[in-house]
Amino acid sequence: MNMIDPWGSSIIDYDKLTEQFGIKPFTDVVDDIPHASKLMTRGIIFGQRDYNKITDALNNNKPFATMTGMMPSGKMHIGHKMVVDQLKWYQEKNADIYVSIADMEAYAARGISKEKSRELALNEYITNYIALGLDVTRDNFHLYLQSENDDVKNLAYIIGKKVTFNQMRSIYGFNNSTNIAHIYTPLLQVADILHPQLKKYGGPKPVIVPVGPDQDPHIRLTRDLASKFNEEYGFIEPSATFHRFMTGLTGEKMSSSKPKSAIYLTDSLKDAVKKVKSAKTGGRESLKEQKELGGMPDKCSIYELLVYHLIDDDKKLEEIRSKCLSGEILCGNCKGCASELITDMFEELDQKREEARKIANTLLK
Ligand code: SF4
């Protein structure tokens, strides 16, 4: 069966994905975006559904919202920073920002208590979001726990009327031993995404959901249900962008549950630098070979770190890439450069985190 497993962790073939599931290339819309972000122009955001609604809102100052959810289940790693960068960008563009803490899903799918979810969400995730520059004090920022948002819970129940178990099974691969609460959680996510369009929240408007491609089943289900409830609620089918996952430092997908694959935002500086120094690169077997053949930046987790998070200047990046390809620089040079940049980033984060935690703990009161 051609499924994407939203709870799995397989490395994704992006081209196959766009072909099989009808995700459109982001390059189709990127030129229409005013001051597109680096994640957009560098192809890290590679795909989209219906992004034209968002370019229209961006270019014509129309209201729109950005929605993201977090299932607090572990420590935040540097790959998660991508979502924060996107929220910050949309916040600057005056979108309403909605962040759902999926405590009900965390309980149903992973057995994490509501109290633990809340604690992790505020002290780990939101604290880091703030330290990374998201302004949670602005009026356009909305944070909530799924279990405490009656509008979301009621909407999930109502939209459930137009989904069958067979549909859920074919989208998510649920089987006879999946618990019922888990089967219900996709409806909560659909309601998370649609509720900013309820009258109480300003009525129908475009909503953009930035996700990894593993979340596309939720997007497809949400768009289907938005159209089924269009007459009753006026829902507009939400748009989505899809970003690439970071390769782990060990060469597989970066994952919170694989400490060696990820740099956690709360790693000590010493550990973070150590991880950079021992990361898998696209270097050759020997120095002689690398000088002759050049390195392979597209297979290099250090280069990826520079592209995704550490270097803003496109020219500088291009220079590293061409020097790598020609064998002019060696992996030790890049690791040194990445270590310095990550040191700057971590020192700044460390400085900001204490104040950020205080702000985070004023939320959800
Ligand atoms: Fe990666 Fe730099 Fe080595 Fe090239 S030289 S493979 S970019 S670490």
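Modeller: Let us begin with Asn61, which sits in the loop between α3 (52-59) and β3 (65-70), where helices (H or I, at least four residues) and strands (E, at least two) are DSSP runs numbered from the N terminus. This is a predicted model in which local features need pLDDT of at least 70 and side-chain atom pairs count only at pLDDT 80 or more, while totals for chains, interfaces and linings use all residues. Residues are numbered from 1 along each chain as its sequence is written, and side-chain values use heavy atoms, with hydrogens and water left out.

Colleague: What is the phi of Asn61, and is Asn61 buried or exposed?

Modeller: As a general idea, most residues other than glycine have a negative phi. Asn61, however, has a positive phi near 50 degrees although it is a residue other than glycine. Asn61 is exposed because its relative accessible area is 73%, and the cut-offs are under 20% for buried, over 50% for exposed and in between for partly exposed (1.4 Å probe, protein chains only).

Colleague: Which loop holds His35, and why does His35 count as exposed?

Modeller: His35 lies in the loop between β1 and α2 (38-41), and its phi is positive too, at about 50 degrees, although His35 is not a glycine. His35 counts as exposed because its relative accessibility is 68%.

Colleague: How should I read a strand, and which strands pair with β2?

Modeller: In a regular strand the side chains alternate between the two faces of the sheet. Two strands are said to pair if DSSP finds at least two bridges between them. Strand β1 (residues 24-25) is joined to β2 by 2 bridges and runs antiparallel to it, with Pro25 having Gly47 of β2 as its bridge partner. Strand β7 (residues 239-243) also pairs with β2 in the antiparallel sense, over 4 bridges, and there Thr241 of β7 stands opposite Gln48. Strand β2 (residues 45-49) is itself mostly covered, since 5 of its 5 residues are buried.

Colleague: How many disulfides does the structure hold?

Modeller: A disulfide is a pair of cysteine sulfur atoms within 2.5 Å, and the structure holds 0 of them. Cys337 is in no disulfide, and the nearest cysteine sulfur, that of Cys334, is 6.7 Å away. Cys334 counts as buried because its relative accessibility is 16%, whereas Cys337, at 21%, counts as partly exposed.

Colleague: What is the volume of the largest pocket, and which element gives the most to its lining?

Modeller: On a 1 Å grid over the protein atoms alone, a pocket is an open set of points with protein on both sides within 12 Å along at least five of seven lines, and lining residues have an atom within 4 Å of a point. The largest pocket has a volume of about 1,200 Å³, a volume being the space filled by probe spheres set on the points. Of its 44 lining residues, the closest to the centre are Gly69, Met71, His80, Asp214 and Gln215. β3 gives the most to this lining, with 4 residues.

Colleague: What does the UniProt record place at residues 72-80?

Modeller: The unreviewed UniProt entry places there a short sequence motif, the 'HIGH' region, and such annotations may be inferred rather than shown by experiment. Over residues 72-80 the chain is 0% helix and 0% strand, with its end C-alpha atoms 12 Å apart.

Definitions and conventions
1 Å grid on protein atoms, 1.4 Å probe; cavity = no way out; pocket = protein on both sides within 12 Å on 5 of 7 lines; lining within 4 Å.
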